Amino acid sequence: MAEKLSAVKGMNDILPPDSARWEWLEDKVRALMARYAYRNVRTPIVEPTALFVRGLGEVTDIVEKEMYSFEDRLNGEQLTLRPENTAGLVRAVAEHSMLYDGGKRLYYMGPMFRHERPQRGRYRQFHQIGAEALGFAGPDVDAEIILLADALWKELGISDVRLEINSLGQPEERRQHRTELISYLEKHSDTLDEDARRRLHSNPLRILDTKNPAMQALVEGAPKLIDFLGEASLAHFNGLKAMLEANGIAYKVNPRLVRGMDYYNLSVFEFITDSLGAQGTICAGGRYDYLIEQIGGKPAPAVGWALGVERVLELVKERGTPVPVPTPDAYAVVPDAAAMPLVLRSLQALRAAGASVQMHASSGEGMGSMKSQFKKADASGARYALIFGADELAQGQVTVKSLRDGSGGQVQRPLADPGAWAASLLT
Ligand code: ATP
Ligand code: MG
C-alpha cells in the first residue's frame, strides 16, 4: 500500500456530523445578512502579496510572520494565500468602482490562512465571516454593524460575550499620541521586553496590547490615545456609544484595545468570551477610512468586522445549542436490483417534490437481505421506509412503512405520480 497522506498541520477536515453545525451557522448568517441588506462578495483566495503588505502594514504579526507567500513558478508573481478578507474585498470594491452610485453593505465567508502555532481556537487554515459597510462615514453604520453582530449571537444562542470598544482617532491624533508614547516608553526602556523594544519605533501602539505580565503596570500608566482625540473624533465615538446605549447593548471602553492591523481608525471593537480560554476574541473590527486609498482606490470611509467561525462554533457546542441533525425523510428498501430503474425514477420524482430520500444502493453483488436493509433504514434516521417489493411493483404501488412512531403502520402509494403523496413524507 502507498504511504498514507495526512492533512497539513493546523488545517482541518470538516466532516459529518460536525459539518451540519457549519451549514446551520452559514444558513443563519445568510438569512441575517439579508435582513440587514448586506450582500455577498466572493474574492479569490490568492492575492498579490503587495495587497497585504500595503493594506495590513509591514510591521503587523500577519505580514511579519504569518503569511503563506510564494512565487508563482510560471510567471514569477509574488502571491499570498489570504490571511484575512478585508484587503481583498476593498481591492475588489476599488477595482470594480463599486461605490460609484453610493455606499455598499457587503459580507463574505470563507477560509483564511495564517502560519501560526496551532492550538485550540487557532489554526493555520481557519474560517472567517465578515461584514463590511463601505462609503458611509457616520457612527450610525458603526452601530448598525455592531448590532448585526449582536443579533447573530442571539440567533446562535450565544449569550456570554461582552463588547469592548475604543477609538483610535485620526492619523494626526495618533501621531501626537505616538510621540508622547514613545518618549514615555523610552523613559522606562529597562522594563521593555524584546518584542516591545523592536516595536518601539515601528509600531508602539501594539506594545499596549502586550500580554507580558511584567509590562502590565508600565502599559497601565502609558499616555492614553483617547486623551489625544479632537472634537470630531470624540463626537464620532460619543455618537456610537449613545446609539449602543439606546439599543441596550452593553459595552466597556477599553483604552488599550488597538487591533492588530494598521488600517483602523476611529471606532474599534471586539466581542470577547471567557468560555474559550486564551482564544477568547470571537469577533473583531472597526473603522478603516484610509484603507481604500492606501491600496490605490478613490478615498472612501468604511467599517467592518470579522468573526472566527471555529471559535463561534466552539461556543455554540459548549452552550449545547441544539443544531438540527440532517436525516432523510425516507429510506428506499429495494429487495431486487432488477427494480432499480423504476426505483431511481420514483425517487427522483419524490425529491423533485421536496422529500429527502436515501436509496439502498447495491453492493455490486446484490441488494443484501431485507433485515440488513431495514437496519440501514433505521440507522439513517429516516421516518419512513419505502419498500419497492415485487408484489407492490406488480400493482404499480410502493409500501410506505412508518419507522419511528412505534405503530409500524404502513400504506400503499401509487408509483404513477409520487409527487402527489411526497408531502405526506415530510413533517
Ligand atoms: P488573535 O489576537 O486571536 O490572533 P487577531 O487579532 O489576529 O486575533 P483578526 O485578524 O482580527 O484576529 O481576526 C478576526 C477573528 O478571526 C478573531 O477574533 C478570531 O476569532 C479569528 N481568528 C484569527 N486568527 C485565527 C486563527 N489562526 N485560527 C482561528 N481563528 C482565528
Ligand atoms: Mg492573530
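The questions and answers below concern the ligand shell and a helix.

Reply: This is a predicted model, in which local features need pLDDT of at least 70, side-chain atom pairs count only at pLDDT 80 or more, and totals for chains, interfaces and linings use all residues. Residues are numbered from 1 along each chain as its sequence is written, chains are lettered from A and ligands numbered from 1 in the order in which they are written, and side-chain values use heavy atoms, with hydrogens and water left out.

Me: Which side chain has an N or O atom 2.8 Å from an oxygen atom of ligand 1?

Reply: A polar contact here is a pair of N or O atoms within 3.5 Å. Backbone N or O atoms of Y123 and T281 each lie 2.9 Å from ligand 1, the former from a nitrogen atom and the latter from an oxygen atom. The side chain at 2.8 Å from a ligand oxygen is that of R122.

Me: Which element gives the largest share of the shell around ligand 1?

Reply: Strands are DSSP runs of E with at least two residues, numbered from the N terminus. Two or more shell residues come from each of β6 (125-134), β10 (281-287) and β11 (302-308). The largest share, four residues, comes from β10.

Me: How many of the 17 residues of α5 are buried?

Reply: Helices are DSSP runs of H or I with at least four residues, and buried means under 20% relative accessible area (1.4 Å probe, protein chains only). Helix α5 spans residues 139-155, and its buried residues include P139, I145 and W153. The helix is mostly covered, and its buried count is 12.

Definitions and conventions
A polar contact is a pair of N or O atoms within 3.5 Å; within protein, one must be able to donate a hydrogen and the other to accept it, and residues adjacent in sequence count only if both atoms are side-chain atoms. The expected span of a helix is 1.5 Å times one less than its number of residues. Buried means under 20% relative accessible area, exposed over 50%, partly exposed in between (1.4 Å probe, protein chains only).
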